[in-house]
Amino acid sequence: LQNGFEWDDNSFSANNFRHPYQGAQYFGVARGNGYDFYESAMWAFLGSTLFEYMGEAHHPSYNDLINTAVGGIGLGEPLFHLQNMVLDNTATGSGRVWREIGGLLVLPLRGFNRLVTGEAFEVHQNPVNRLPEHVQSEMTIGTRTIGNERLWEADTTKVYISFDVTVGDPFSSVDKPYDWFSFGAQLTFNNKPHGVARLQSRGVLGAVDVHKTDEAHHVLSAVQMFDYIDNEAYTFGGQSVAALFSSKFWKGERFHATTGLGLIGIILGATQSDYFNISGREYDYGPGVGYTFNAAFGWKGHNIVRLAHTGFLVHSMNGNNADHYNNLSRLRVCLLYTSPSPRDFKY
């Protein structure tokens, strides 16, 4: 208590993955016991503070408090909703057992809480809006290669599995936080230091309609962002908020396009440094700013081309005396043929 807060020297994954995941457990248990989003956020902060002072040998640290509490909210709310989609309080028999096991894997501490309270065995009503009207998910299995200049000469090819889901619609009315959100994870085999190469979430905190016509819709949203990327080529972890201007355009029932342009305020960012610093870490901590742009062009309800770019500037407050510029670009093209039956499609 007398020492106060400091910056710790834990590994990148410990501070930017395990601590937010721990905070998600505090948050998720509170949500499961009937607390709303903002009340559960207080539990994440209280749980983080208690652990910092009473649960570990290190002195309490700024980065742990922020990552556990703020990251726990950004990670915990999507996992809470995804867990609700897996669970079914009206189910019985083996179906109920498998759903409870699946829910336990999504958010373990809340799943354990259901066992302790007996909720896992009771047949009762499901939460309102357990199954949202708009859900889009995809799973990708492929290979990832890192190389300098000539990728075909690299020996770093590794298999990965990626899962992404979007719940809700950014262009629908927002009544409460995370009425729409996106969540993504990537597991890469033999990735260093562990298989979790990416964990990200984006959730709306509030939104207002800017303009709407018969062929366009524009929305301004406040968004919470959680980022953990450590795939041997790109290292970044951050707790951020953003102002996002989203637009949707359509022409008849066939063509559609969506765009998003956002300004990002980084509460706390961690990014890899070229040098070990006096703290004993090989990454630096600090606040920062950023921007993001994304666009998608589709035909008959399917996105054919998707592109995105995000740029971050992190000013180091602890570690090396440096400003870090990080940029990440993505381009995806999907050729989809739709047969006469809407249930049958081929890539």
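User: How far apart are the mean positions of the positive and negative charges in this protein?
Analyst: In this predicted model, the mean positions of the 25 positive and 34 negative charges are 10 Å apart, where Lys and Arg count as positive, Asp and Glu as negative, and His and the chain ends are left out; each charge is placed at NZ of Lys, CZ of Arg, CG of Asp or CD of Glu.

User: OK, aromatics now. How many pairs are there?
Analyst: The structure holds 15 aromatic pairs, meaning rings of Phe, Tyr and Trp (its six-membered ring) with centres within 6.5 Å, called stacked under 30 degrees between planes, edge-to-face over 60 and tilted for the rest. Tyr178 and Phe181 have ring centres 6.3 Å apart and planes at 45 degrees, so this pair is tilted.

User: Are Tyr178 and Phe181 buried or exposed?
Analyst: Tyr178 is buried at 2% relative accessible area, and Phe181 is buried too, at 0%; buried means under 20%, exposed over 50% and partly exposed in between, with a 1.4 Å probe and protein chains only.

User: Which residues form the aromatic cluster?
Analyst: One cluster is formed by Phe5, Trp7, Phe12, Phe17, Tyr21, Tyr53, Tyr62, Tyr228, Tyr283 and Tyr285.

User: And what share of the whole protein is buried?
Analyst: Buried residues make up 45% of the 347 residues, and the C-alpha trace spans about 70 × 60 × 45 Å along its principal axes.

Key. Residues are numbered from 1 along each chain as its sequence is written. This is a predicted model: local features need pLDDT of at least 70, side-chain atom pairs count only at pLDDT 80 or more; totals for chains, interfaces and linings use all residues. Side-chain values use heavy atoms; hydrogens and water are left out.
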